[in-house]
Amino acid sequence: MSASALKDLNISQSVDLEKGKDNSVKSCIRKPVLNGSKCASKEENAPSACPDAGTNGNEAGNADVEYIDSENLVDLPDVDATLSTLVKRLDSKDWVMTCEALNNVRQLAIYHKERLQELLEPLVPLIVKSVKNPRSAVCKTALMTCSDIFKAYGDLIVDSIDPLLVQLFLKASQDKRFVCEAAEAALISMTSWISPSVLLPRMQPYLKNRNPRIRAKASVCFSKSVPRLDVEGIKEYGMDKLIQIAATQLSDQLPESREAARNLALELQIFYEKSQASTSGKNEGEPSASPDAESWEAFCQSKLSALSAHAILRVTSATPKESVAAGVTSAPKEGVAVGC
């Protein structure tokens, strides 16, 4: 082969190689998630199309995703078309399509919640599936969807909330900070928009879950939801039941659970002492009951074992009550901080 022909062959192979590189890069570019008709996220890398990408044993190629805040979501251009394919797209194996569908659910919850309500029963299991998705982008978008659904439907969603609860508690305790924060926001939305009278019974079983992290997050949400009950609500739920829950959580293995139990015990003490003072004020003309029968100490000793009563009384006598100054009667109705 002449030197000239060899040179031409090398040039041709070089060009083919460069084209191959361009094609492999282009195969990694995925379509953006759309906010209605408006482009709302950056282009993302598709790990499955890039077999040489380094994964280090973890999720490959974390893409740059722009997550859309609820207030920035716009209405859908064609609601009927979106609804007709929503379930299918949520169950898609294409994670970009799933993210788009989740954002569509959020848009529908904000702008067309009556239309979306008809699909909630089949949608909730698919949202749970997305929350469990190992890809962080799908998981976080699903958690943001939970926040918007809780706000839109409030008590109407409570019958479908059980499969979501365990996942929210788990995600709120995991190491990925941005997923943890999204799960916290969903828990705050849940405890803000769902009445505590119907939410507390749903959360109570998770206080005994075998997973200590689930117990811890459930304890925090439970203790911070109780003050949202009014006086009658606490009486209806049962002071004896609540003080037993606080006593049980005080011996939990995680500090987060124990701290939540301390806060709950203090809230209950404030409520109990205020209710006793109110009762005494109404019955000034009647013979007063014995001091022991109305005291916080006597109440704890009558409802708990000696060891549990001692633990509760030690906490409520040693901790400054100013830390929960407002008590149950003036607790905020919205925004329960959970904490990672």
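Visitor: Is Ala-247 to be read as buried or exposed in this predicted model?

Guide: Ala-247 counts as buried, because its relative accessibility is 11% and the cut-off for buried is under 20%.

Visitor: Where does Ala-247 sit, and which residues does Ala-247 touch, leaving out those up to four places away in sequence?

Guide: Ala-247 belongs to helix H12, residues 239–249. With those sequence neighbours left out, Ala-247 touches Leu-304, Ser-308 and Ile-312. For a pair of C-alpha atoms, take Ala-247 and Ser-305: they are 58 residues apart along the chain, with a separation of 9.5 Å.

Visitor: How do I read burial along a helix such as H9, and which of the residues of H9 are buried?

Guide: The general idea is that an α-helix has 3.6 residues a turn, so residues three or four places apart point the same way. In helix H9 (residues 196–203), the buried residues are Pro-196, Leu-199, Leu-200 and Met-203. Seen down the axis of H9, these fall within an arc of 105°, so they line one face of the helix.

Visitor: What covers the buried residues of H9?

Guide: The cover includes helices H7 (162–171), H8 (177–193), H10 (212–225) and H11 (231–237).

Visitor: How should I read the largest pocket, and how much space lies in it?

Guide: Rolling a probe the size of a water molecule over the atoms shows where empty space is left. Here the largest pocket holds about 400 Å³ of space. It is lined by 21 residues, and Ser-70, Ser-147, Asp-148, Lys-151 and Ser-189 are the closest to its centre. Helix H3 (95–111), helix H6 (136–153) and H8 each give two or more residues to the lining.

Visitor: What is the lining of the largest pocket by class?

Guide: The lining has 8 nonpolar, 5 polar and 8 charged residues.

Terms used. Residues are numbered from 1 along each chain as its sequence is written. This is a predicted model: local features need pLDDT of at least 70, side-chain atom pairs count only at pLDDT 80 or more; totals for chains, interfaces and linings use all residues. Side-chain values use heavy atoms; hydrogens and water are left out. Buried means under 20% relative accessible area, exposed over 50%, partly exposed in between (1.4 Å probe, protein chains only). Contact means heavy atoms within 4.5 Å. The arc is that of the directions from the helix axis to the C-beta atoms. On a 1 Å grid over the protein atoms alone, a cavity is a set of points where a 1.4 Å probe fits but cannot get out, and a pocket is an open set with protein on both sides within 12 Å along at least five of seven lines; lining residues have an atom within 4 Å of a point. Grid points are joined across faces, edges and corners, and a volume is the space filled by probe spheres set on the points. Ala, Val, Leu, Ile, Met, Phe, Trp, Tyr, Cys and Pro count as nonpolar, Asp, Glu, Lys and Arg as charged, and the others, Gly among them, as polar.
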